[in-house]
Amino acid sequence: MAVVHPLYYSSGNLRKISPSQLSDQQDYGTKLWGKATYRGTDLAYQAAGNLRRIQDTRDIASVEESNVTSFANNTASLGNTVDEGASTDWDYINQSTGTFSITGLNYPVYRTSSGDFQIMSYQDVIDTFVDQIVSNLVDGTDRGGLYSISTNETTYADHILLNASPIFTDQQFDKSIHGGVTSTTQMDILSLSSTDLPVDIESYYLWRKDEETAGSFERPLYWTGTDFRRYTAAEWETFLGTLLGYISVNETGHRVRYEVEATGTDTYAIPSYITKATMGTAMVNTTLASQVRINDQDGANAYKSQRLPTGASETNTTYTLKIYRF
Amino acid sequence: MDNHTFISARFTNDDRTTIQARWQDNSDETVFRNSYIVVDENDVQYKKLLELISEDQLHENSVVFWRQEKEQYDQLLVNIAKQSGDWIDVNDDSKFLERLVILLLQEESEINNEDIFKFKIAVFDHPKVSDSKDRKLKASLRKAKTYIEVVQLLSEF
């Protein structure tokens, strides 16, 4: 690891940037991620996306039992509700990486400890700028160009909605059909149209934060072959942005990616040694915690009984969109 | 949550591994949104949430929420029972008497053994019966199969 301090021009003198000025340049580089041109990793709303799918599971009703004599006659054969008996896969997040050419770039100049001028190497750029920029990108802060999950469905200040359709909707058995009762009740609701009667509980959407305004910083110098020249704003943006994009796609330890992690019944984890952070709200797959027997006499000789999901919500799996470096 | 004001938060599960936070949209105060946060000491969002609410308050909010949910459920049961005629307001004489007539006219096959047993216990506890020495009448009362039979025997004490 060799962090160097590039030179900049100040009132007729060549000066090496201070740690504080280097931090300003790293902040500027972090904000370049907000520009699509330099963003190494993008997400999109797309069917059959390549990030791990999110699964909604629902408890379903038992099979209905019926006889012509009494509700009691249904008891022996009446089954239980089926925990997570129905499921829907939500597979709508697709990740892609950019392509960057890093040939023909002019690298900044610094002064070695022995006083010689030296052009920064590719590795020096990683160590001096990109390593910290990547650390910033995966620290869990919502920054320009980063993707996150929100329950906002329409408006979210300084963010763009990737698609009006949710990337995940948590559903449960619709307990409103029996009012949420939890002890055996006689109600005129059987037979059901299906043992799986889902109702939306919460929907989650994919957003990207808009590009953020960069602060001021000192532009370094590069060597033209005959003299030192200060990067123009456009040249420095191209240099740092292109290398950031390339390195974030290709360099081990500095690659930036997203994945969906999960804890609970559908657990999936990025290895713990990898630096990662949650982007936006977690997404919970919930079901109902208990069951209730409903009896319904339809006519003089039809005694119907069925067990339906009911009770409070219970969280089966908590999903999170993670950004990580590896 | 950006552009939102924090309202409250509570755990969503018994294991207390996930938190639901409630927010109000600053640009439209009628809009409220949820966010969910994994309880992880290394998670930035969890750390930020703890700047808005203490862990103790999270636990307290969860208990209050679950208690309110139970109270709402109990009230729901009462409403359903009232609608179906299974809940009688004893202060409402007309409804009580209407229900009493229905019970007195129930056939043996319609009566739940446990219910009539409880009714007989209440009758036996009444001083008019408990103080009586009429063993034959008490034996008949024990064998009664319907509410009206119990009432008829009660009138003989």
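The model is a predicted one, where local features need pLDDT of at least 70, side-chain atom pairs count only at pLDDT 80 or more, and totals for chains, interfaces and linings use all residues. Residues are numbered from 1 along each chain as its sequence is written, with chains lettered from A and ligands numbered from 1 in the order in which they are written.

In chain A, strand 1 (residues 7-10) and strand 2 (residues 13-16) run antiparallel and are joined by four bridges. Strands here are DSSP runs of E, at least two residues, and helices are runs of H or I, at least four residues, numbered from the N terminus; two strands pair if DSSP finds at least two bridges between them. A:Ser10 has A:Asn13 as its bridge partner. Two residues sit between the strands of this hairpin, and A:Ser11 in the turn shows a positive phi of about 50°.

Further along chain A, the axes of helix 2 (residues 122-137) and helix 3 (residues 233-250) come within 10 Å and cross at roughly 70°, so the two helices are roughly perpendicular (65 to 115 degrees; axes are lines fitted to C-alpha atoms over the stretch in contact, with angles from 0 to 180 degrees between N-to-C directions).

As for the chain contact (C-beta atoms, placed from the backbone, within 7 Å), 27 residues come from chain A and 21 residues from chain B. Strand 20 of chain A gives the most to the chain A side, with six residues.

Chain B itself splits into domain 1 (4-81) and domain 2 (93-155), bounds that come from an automatic or database domain assignment. Their centres, taken over C-alpha atoms, are 50 Å apart.

How values were computed: Contact = placed C-beta atoms within 7 Å. Parallel < 35°, antiparallel > 145°, perpendicular 65-115°, else oblique.
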